[in-house]
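Trainee: Could you walk me through this model before I start on my own notes?
Mentor: Gladly; have a look at it first.

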Amino acid sequence: MPLLEVRDLVVRFRTHEGTIHAVNGISFDLEPGERLGLVGESGCGKSVTNLAILRLLPKPAGRIEGGSVRFDGMDLVSLPESEMRDLRGKEIAMIFQDPMTSLNPVLTIEEQMVETIRAHRGVTMAEARTRALELLEMVGIPQPEKRLKAFPHQFSGGMRQRVMIAMALSLEPKLMIADEPTTALDVTIQAQVLELLQRLTSEAGTALILITHDLGVVAGMTSRINVMYAGFIVETAATEAVFERPSHPYTVGLLHSIPHVGGEDAELIPIEGVPPDQRHAPSGCPFAPRCAWRVEACWREMPSLAPVAGEPVGRVVTSGPETTHQAACHNPPTPEEAAGGQPLRPGFVPAPPPGSDPVAGTPGAPGMSAAAQREGGQ
Ligand SMILES: Nc1ncnc2c1ncn2[C@@H]1O[C@H](COP(=O)(O)OP(=O)(O)OP(=O)(O)O)[C@@H](O)[C@H]1O
Ligand code: SF4
Ligand SMILES: [Mg+2]
């Protein structure tokens, strides 16, 4: 039984400027204690997915408009708000990018920690204080007795994030969601805070969803990765498989745009173009305008997630160490193409947008004849 089961989740924002198609029917599972990375460029729906799980979407614009979220046997979409409030913090903890937004600036660290611990656990003030002290020590805050009396602004960013991690874990949640937990921190502190998060969640057996735009961050922290693009999960696999055999052109692009892939001499190639405007309902694969592998079907139809070549035929495993490697792509890159960062099939050219003038040329296929493009596009 998965701890978390998200099925066909759809999230929309109804704004003055129109409907934002933020999350477009995503499904994934998470086992108890599992560590999942959620990766993708800015605006692809990582935060919204998790705010929807926690029912913390900004109101009134943001709404879950389809799908289901089951956590530990409970249906979170229909759970009464009072029960949901109880669940947050206690069963599902959250850490956000800027700890200042989660800490109360006018209360001391002690007051906040004691209050949090007492709100969810039936303990005395003295017991809660002792626990708070232990927690500060556990996350490596020097002179914890003295530090308990401090206000959040007297802590550095790294220390505040340590306090947040300590507070989040104090309630022994089953799931921790960390949304860009180190982006606001100094680079030298980032690794320490991630290491702390990794160690403490592992020791406690807490499942982790780590959200980041940086594939490098999830490499050592997670056992599985969901790659998101334009509100879709476009690839999902064990972390090693994502790095060794990326099977979606977007993942290939991400990997080629981070420094450590292929050694020090590897060329950094940013993904050209920008993500689609999510005010339009998705039609076709949203990556098509930027994709060097696109074929005609890509403009018409968004492919579903399906096992990639080489995966065992049969039951699809959606979580845990045996996770089936899946990608949502009409024309997945071969391993050689993924390594090279471009299609290598002789004569292949990306299919032009429907209705474009093939003679005048199209993005990605300048000057090609229609016949050559059709031939190359299959
Ligand atoms: N309050 C809001 N009102 C309207 N649209 C929103 C709101 N919050 C998010 N969106 C839209 O929902 C989509 C998904 O946003 P989300 O915040 O989940 O992106 P993200 O993947 O977390 O990006 P980042 O890496 O920048 O944090 C985007 O198109 C965004 O503009
Ligand atoms: S080949 Fe087609 S389906 Fe695959 S990522 Fe490119 S545009 Fe999307
Ligand atoms: Mg975000």
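What follows is a conversation about the ligand shells, a helix pair, the domains and some individual residues.

Trainee: Before anything else, what kind of model is this?
Mentor: It is a predicted model, and local features are described only where pLDDT is at least 70.

Trainee: OK, ligand 1 then: how many residues surround it, and which are the closest?
Mentor: There are 17 residues around ligand 1, and the closest are A22, S42, K46, S47 and V48. The elements that each supply two or more residues to that shell are β1 (4-15), β2 (18-30) and α1 (46-53).

Trainee: Which element gives the most there?
Mentor: That is α1, which contributes three residues to the shell around ligand 1.

Trainee: And what is the make-up of that shell by class?
Mentor: The shell around ligand 1 has nine polar residues, seven nonpolar ones and one charged residue.

Trainee: What about ligand 2, which residues are closest to that one?
Mentor: The closest to ligand 2 are C285, C291, R294, C298 and C329, out of 13 residues that surround it. By class, that shell consists of nine nonpolar, three polar and one charged residues.

Trainee: Switching to helices: how do α3 and α4 cross?
Mentor: The axes of α3 (residues 109-120) and α4 (residues 125-138) come within 9 Å and cross at roughly 115°, and the crossing of α3 past α4 is right-handed.

Trainee: Which residues meet there?
Mentor: On the α3 side they are E110, M113, V114, I117 and R118, and on the α4 side M125, A128, R129, R131, A132 and L135. Taken by class, this contact has seven nonpolar and four charged residues, with no polar ones.

Trainee: Where are the domains?
Mentor: The domain assignment gives domain 1 as 4-206 and domain 2 as 349-378, and the C-alpha centres of these two domains lie 47 Å apart.

Trainee: Why do R55 and L56 count as partly exposed?
Mentor: R55 counts as partly exposed because 17 C-beta neighbours fall inside 10 Å, and L56 is partly exposed because 14 other C-beta atoms are within 10 Å; the class covers counts between the limits of 12 or fewer for exposed and 20 or more for buried.

Trainee: And D8, what is its phi?
Mentor: The phi of D8 is near 50°, a positive value in a residue other than glycine. D8 is found in strand β1, and D8 is exposed because it has 11 other C-beta atoms within 10 Å.

Trainee: Last one: is E337 buried or exposed?
Mentor: E337, which lies in helix α12 (residues 335-340), counts as buried because it has 20 C-beta neighbours inside 10 Å. Leaving aside residues up to four places away in sequence, E337 touches Q342, P343 and L344.

Note on methods. Residues numbered from 1 in each chain as written. Chains lettered and ligands numbered in written order. Predicted model: local features only at pLDDT ≥ 70, side-chain atom pairs only at ≥ 80, totals over all residues. Near = placed C-beta within 6 Å. Nonpolar A, V, L, I, M, F, W, Y, C, P; charged D, E, K, R; others polar. Helix = DSSP H or I, 4+ residues; strand = E, 2+ residues; numbered from the N terminus. Axes fitted to C-alpha atoms, helices over the stretch in contact; angles between N-to-C directions. Left-handed = near helix turned anticlockwise from the far one by under 90°. Contact = placed C-beta atoms within 7 Å. Domains from an automatic or database assignment.
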